[in-house]
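Reader: I would like to learn how to read the contacts around a ligand and the layout of a sheet. Could you take me through them slowly?

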Amino acid sequence: MFKCLLIDKSDDAGYRCGLTELDEDRLPDTGDVTVRVDWSTINYKDGLAITGRSPVVRSFPMVPGIDFAGSVVHSGHPRWKAGDAVLLNGFGVGETHWGGLSQMARVKGDWLVALPTGLSAREAMAIGTAGYTAMLCVMALERHWHDAGVQPGSGEVLVTGAGGGVGSVAIALLAAAGHTVVASTGRPQEADYLKALGASDVIDRASLSAPGKPLQKERWMGVVDAVGSHTLANACASARYGAAVTACGLAQGMDLPASVAPFILRGVTLYGIDSVMAPLARREAAWQQLAQRLDRSKLAAMTRSIGLADAPAAAADILAGQVRGRLVVDVNS
Ligand code: NDP
């Protein structure tokens, strides 16, 4: 038997998510590797799945949790054997395939990544999809800057949704690389937290979230945007000539009310960042970089642990923008 969160939906009882105990033979037979999960996490998408706010879950019943870290128990996949330490992000896990907010998971071996040396299972989930996505954004910016000959410290880099998971990890990574990071937040009371992660300046997100002009004063050498909508449009409109903007999130909205002006008049490049279906080689590169580059004391400062039973309340909190940094879930507590 194992404990997990289970989402179900019916005409009578509606959409519901609760803690339950299941027999191991209920695990999906479409997976070829069984994993004993040690830690999982709550991302924004888990909040959407657990509350049912958006149609993230595609089949029912569903175990939510787009991430997990643990060890292999049984494997029918050539890359994995019992005892291997592994992690998983995305691939529809927690949406179309049973996920990580569970003591056990059965998934495709092709979806797993080896836990990088030097990273514990808890640290990997403190990073989670949010931190891995932040790393994908930073890698895209760095490829762009490398090609453009831009040096760290030669301009400001904007991080939006700064107090959240993607934002917090992006600040720590960019600051460690020597960049001047400007954090945009709706929580001015978190300014000290954001500066401790490495932000040089903290701005009110209201300065970016309303409709703005198609071209604004040039400021950003790069952008990590977790927010979308007018914020992303304004970030593009105030990007410097030849700058790069990475778009990974939609916390403000899925719309993009922008003009082509920044792209055709200032040569700004907009990179779309997807973590869910990113190819294995890019995932492994991102996780190796995270293990090498992310300051563990900053990671600890942005992380709080909860138990499996606390996950539904945490899901509502993350959608309300009330979670600072990252939440890890001890699925065995
Ligand atoms: P969090 O909830 O941890 O962070 C989101 C942050 O956005 C909040 O903390 C808040 O920061 C800010 N925010 C919330 N609501 C609004 C609003 N209405 N207007 C402007 N800012 C707002 O989520 P994550 O960091 O885990 O994820 C961030 C986004 O990235 C989500 O939209 C998520 O779906 C997306 N994402 C996409 C991935 C991909 O593969 N492309 C992977 C992972 C995440 P503050 O209080 O500091 O303003």
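Author: Let us begin with a term: a polar contact is a pair of N or O atoms within 3.5 Å. Please keep in mind that this is a predicted model.

Reader: Which polar backbone atom lies 2.9 Å from a nitrogen atom of the ligand?

Author: That backbone atom belongs to C248, while a polar side-chain atom of R205 lies 2.8 Å from an oxygen atom of the ligand. A polar backbone atom of A251, in turn, is 3.4 Å from an oxygen atom of the ligand. Taken alone, the ligand exposes 910 Å², of which the protein buries 88%.

Reader: Which elements give two or more residues to the shell around the ligand?

Author: They are helix 2 (121–148) and helix 3 (165–176), and helix 2 provides the largest share, with 3 residues. By kind, the residues of the shell divide into 11 nonpolar, 11 polar and 3 charged.

Reader: What is the order of the strands in the open sheet?

Author: The sheet has 6 strands in the order 10-9-8-11-12-13, with parallel pairing. Strand 10 (199–204) and strand 13 (269–272) each have a single partner strand, so one side of each is left without a neighbour in the sheet. From one strand to the next, the twist averages 20 degrees.

Reader: Which strands does helix 3 touch where it packs on the sheet?

Author: Helix 3 touches strand 8 (156–159), strand 9 (180–185), strand 10 and strand 11, and its direction makes about 160 degrees with that of strand 8. Helix 6 (residues 229–237) also packs on the sheet, touching strand 8, strand 11, strand 12 and strand 13.

Methods. Residues numbered from 1 in each chain as written. Predicted model: local features only at pLDDT ≥ 70, side-chain atom pairs only at ≥ 80, totals over all residues. Heavy atoms only, no water. Polar contact = N/O pair within 3.5 Å; in protein donor to acceptor, adjacent residues only side chain to side chain. Areas by Shrake-Rupley, 256 points an atom, 1.4 Å probe, with all protein chains shown as cover. Helix = DSSP H or I, 4+ residues; strand = E, 2+ residues; numbered from the N terminus. Nonpolar A, V, L, I, M, F, W, Y, C, P; charged D, E, K, R; others polar. Pairing = 2+ DSSP bridges. Axes fitted to C-alpha atoms, helices over the stretch in contact; angles between N-to-C directions. Contact = heavy atoms within 4.5 Å.
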